[in-house]
Amino acid sequence: MTESLRVLPMPTPETQHFWDGTREGELRLQQCNDCQHVYFPPRPFCPKCSSRDVQVMVASGRASLESYVISHRPHKAFVGPYAIALVALEEGPRMMTNITGCEQTPEALQLDMPLEVTFEDAGEDIYLPLFRPVGASS
Amino acid sequence: MTGVAVVGAAETTQLGKIPDLSQIQLHADAALNAMADAGITAKDIDGIATAGSRPTDLAHYLGITPTWVDGTAVGGCSFMLHVRHAVAALTAGQCSTVLITHGESGRSGVGREGFARAPASLSGQFEMPFGPMGPPTLFTLPVLRYMKDYGMSHEQLAMVAVVQRQWASMNPRASFQDPITVDDVLASKMIAYPFHLLECCLVTDGGGALILTRAERANDFPQPPVYINGTGESVETPMISQMQDLTSSRAFTVAGPAAMADAKIKHSDVDHLMVYDAFAHLPIYGLEDLGFCKRGEAPDFIWEQNTAPGGSLPMNTNGGGLSYMHSGMYGMYAMQESVRQVRGTAAAQVDNVDISLCLGVGGMFGAAGCVVFAKEPS
């Protein structure tokens, strides 16, 4: 087990399925069986209609780059300036992530560029969902 | 119309770097100055509200026996929410004289309580692993989306800081007073692209306090009353990544119109505006979410000097969080400037301020509070 340099998540009973999913190479969202709303972050009820009748679904992993900053503050898990990104998943929800497989510059990081999910072993049995430009190798 | 007025208002004697006062004493220094302003002592106060420290700590420290207590803590706009809650409590007769205090050793860190996101919270699980380093890398995240959707340039974002420095240059208490240009802003150190150092708020020490009572008693105090004519509040999300719209604060769009409706005012009635500016995009979001500008038009509005000295809508006239001071929870200082402008005692005084609207933000875009201050009750 490698020691992580990132701040790692502590899964709760309501989010365990998500972190189990990333370990298995799946990006898991939830969908309401009553109103079909697809949502994130995890919770065992629909934030749109309050129904408890919800299911876990596997996302396509396709997304687009919605916004980001390139932090110039030193961080032990990153070498040099790094992007903290917001991506819009194909299914609708937005999530925070990092972009791998490309330069961390405004020129390389074009808003609305297509991305696909990849999973990084962060240590301590946690796999983080990161995104890379479609076709790039991370 | 609320039937409540501000009868005491003050900041700490010093602002900026105050290593010889702990955080609770910054609260107390501001509170004692506000009591002196109102001509009262702690024994006259029966309601207390604060954030960043516990109201229990402050009541004990200052020697107050309250019948009403509010510890609402939603970030830097908590004090605007305290004003709104105090209006309700005073109107309901739960207390007669409310003290709202803020003190923060943001720069020196003397006796400051820690801030951390629990790793099991949603933000701890779904944001912190990706490397945010505090507000400069979180609060700033939506703005590239705004820039692309509305065509805002880097120069226009920089101009927000330039205009606020124009105001600060007229204020001897401002931390930074030397005029700056757009080029200066763009040449300053990159903190988190697209934000340069001069587009990020200061980190300083200081405090402020307000004393409120019912309007019918307001003329019994030495200062001319500043009436609270309307209030609004809301919260949206603790996670910047989960904002409903990256180009707008839902909490602003709830709290602002609520306060204006409460005060029965329209935009043209507002003589002076404060929009909490932790970062340079905040005044842009505030102007649009409050309805002073149409979507995408605030950058031009600021660029054309409408919010600058001599402009049609003077905004952030103390120099704001970008140039005046920012301890971490800046909302109290925005309200202090509104009170000064209505009293006619501001360093950069605007002519004939009858109505000042003050919008606060908290916990990044997590929360908002809005207060309408006025020379006459509505």
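**Labels and their grounds**

Modeller: Helix α9(B) covers residues 250-263 of chain B, 14 residues, and spans 20 Å from its first C-alpha to its last. Keep in mind that this is a predicted model.

Colleague: How do you know what span to expect for α9(B)?

Modeller: The rule is 1.5 Å times one less than the number of residues. For α9(B) the expected value is 20 Å, and the helix comes close to that. Just after α9(B), K264(B) takes a positive phi of about 55°.

Colleague: What makes a residue of α9(B) count as buried, and which ones do?

Modeller: The cut-off is 20 or more other C-beta atoms within 10 Å of its own. In α9(B), the residues called buried are A251(B), F252(B), T253(B), A255(B), G256(B), A259(B), M260(B), D262(B) and A263(B).

Colleague: What do the buried residues of α9(B) pack against?

Modeller: They pack against β8 (226-235), α10 (282-289), β10 (355-362) and β11 (367-374) of chain B. Three of those names return in the chain B sheet: β8, β10 and β11.

Colleague: Why are β3 and β9 of chain B called edge strands?

Modeller: Start with the order, β3-β2-β4-β7-β1-β8-β11-β10-β9, in an open sheet of 9 strands with mixed pairing. Strands β3 (68-70) and β9 (272-275) each pair on one side only, so they are the edges. Neighbouring strands of this sheet are turned by 20° against each other on average, direction ignored.

Colleague: How do you know that β1(B) and β7(B) are paired?

Modeller: Pairing takes at least two bridges. β1 (residues 4-11) and β7 (residues 205-214) of chain B have 7, in the antiparallel sense.

Colleague: How many residues does each chain bring to the contact?

Modeller: Chain A brings 32 and chain B 27. On the chain A side, β4(A) gives the most, with 6 residues. By class, that side has 20 nonpolar, 8 polar and 4 charged residues.

Colleague: Why does the radius of gyration of chain A agree with a compact globule?

Modeller: Because a compact globule of 138 residues would be near 14 Å, and chain A has 16 Å, the two agree. Its C-alpha atoms fill a box of roughly 45 × 35 × 25 Å along the principal axes. Buried residues make up 34% of chain A.

Definitions and conventions: Residues numbered from 1 in each chain as written. Chains lettered and ligands numbered in written order. Predicted model: local features only at pLDDT ≥ 70, side-chain atom pairs only at ≥ 80, totals over all residues. Helix = DSSP H or I, 4+ residues; strand = E, 2+ residues; numbered from the N terminus. Axes fitted to C-alpha atoms, helices over the stretch in contact; angles between N-to-C directions. Buried ≥ 20, exposed ≤ 12 C-beta atoms within 10 Å, placed from the backbone. Contact = placed C-beta atoms within 7 Å. Nonpolar A, V, L, I, M, F, W, Y, C, P; charged D, E, K, R; others polar. Rg over C-alpha atoms; globule rule 2.2 N^0.38 Å.
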